[in-house]
Amino acid sequence: NRLEIVTQRDELRLKFTDASFYETAEAVLLPEGKDIIDQIIEVLDGLQFYQYNVDVEGHTDNRPIQTERYPSNWELSTARAANIIKYFIERGFEPSRLKASGYADTRPIAPNQDELGNDLPDNQALNRRVVIRIYY
């Protein structure tokens with residue numbers, strides 16, 4: 001499931017798998033991710049009379065990463081969120097209404113491992129995600 005939409009009274013959350021936006025262990029926005037953001041901006045442009053803000057959240061699974069560029073999942077998740085924000089700005093979105101948040105593996109939506117400590121790849125894939133929160 002590539003997109004999940006959660007609506008609440010004062011916000012809309014768009015949850016995407018990270019595969020829509022990035023290569024594994026990377027934060028360079030893929031063309032498919034840019035297309036998704038373009039579509040979101042198109043919809044938001046139609047809502048110009050609303051004063052909404054956008055918070056982009058980056059989330060990883062529990063597998064450690066240690067590259068020169070991303071020493072931990074904190075740097076990776078934050079870089080991913082920041083690169084989406086940068087693309088919003090490139091497309092003319094008002095920077096003062098944007099926020100990037102990196103959560104690393106601290107907010108899983110499914111267990112990364114079973115009770116014996118074995119990785120659960122399907123759940124890890126769910127936990128590697130981008131959430132674009134639109135709120136008033």
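This is a predicted model: local features need pLDDT of at least 70, side-chain atom pairs count only at pLDDT 80 or more; totals for chains, interfaces and linings use all residues.

Student: What holds the strands of a sheet together?

Tutor: Strands of a sheet pair through backbone hydrogen bonds, and the pairing can be parallel or antiparallel. Here five strands form an open sheet in the order E1-E2-E5-E3-E4, and the pairing is mixed.

Student: Which strands stand at the edges of the sheet?

Tutor: Strand E1 (3–8) and strand E4 (98–102) do. Each has a single partner strand, so one side of each is left without a neighbour in the sheet. On average, neighbouring strands are turned by 15° against each other, direction ignored.

Student: In which sense do E2 and E5 pair, parallel or antiparallel?

Tutor: Strand E2 (residues 11–17) and strand E5 (residues 129–135) are antiparallel, with seven bridges between them. To find the pairing in the model, look at Glu11, which stands opposite Tyr135 in E5.

Student: Where do helices H1 and H2 lie?

Tutor: Helix H1 (residues 31–45) lies across E2, strand E3 (53–59) and E5, and runs at about 165° to E2. Helix H2 (residues 73–90) lies across E3, E4 and E5, at about 165° to E4.

Student: Now a side chain. Is Lys15 buried or exposed?

Tutor: Lys15, found in strand E2, is buried, yet has no salt bridge. A salt bridge needs a distance within 4 Å. For Lys15 the nearest side chain of opposite charge, Glu4, is 4.2 Å away.

Student: Which residues does Lys15 touch?

Tutor: Leaving out residues up to four places away in sequence, Lys15 touches Arg2, Leu3, Glu4, Val130 and Val131.

How values were computed
Residues are numbered from 1 along each chain as its sequence is written. Side-chain values use heavy atoms; hydrogens and water are left out. Two strands pair if DSSP finds at least two bridges between them. Helices (H or I, at least four residues) and strands (E, at least two) are DSSP runs, numbered from the N terminus. Axes are lines fitted to C-alpha atoms, for helices over the stretch in contact, and angles run from 0 to 180 degrees between N-to-C directions. Contact means heavy atoms within 4.5 Å. Buried means under 20% relative accessible area, exposed over 50%, partly exposed in between (1.4 Å probe, protein chains only). Lys and Arg count as positive and Asp and Glu as negative; His and the chain ends are not counted.
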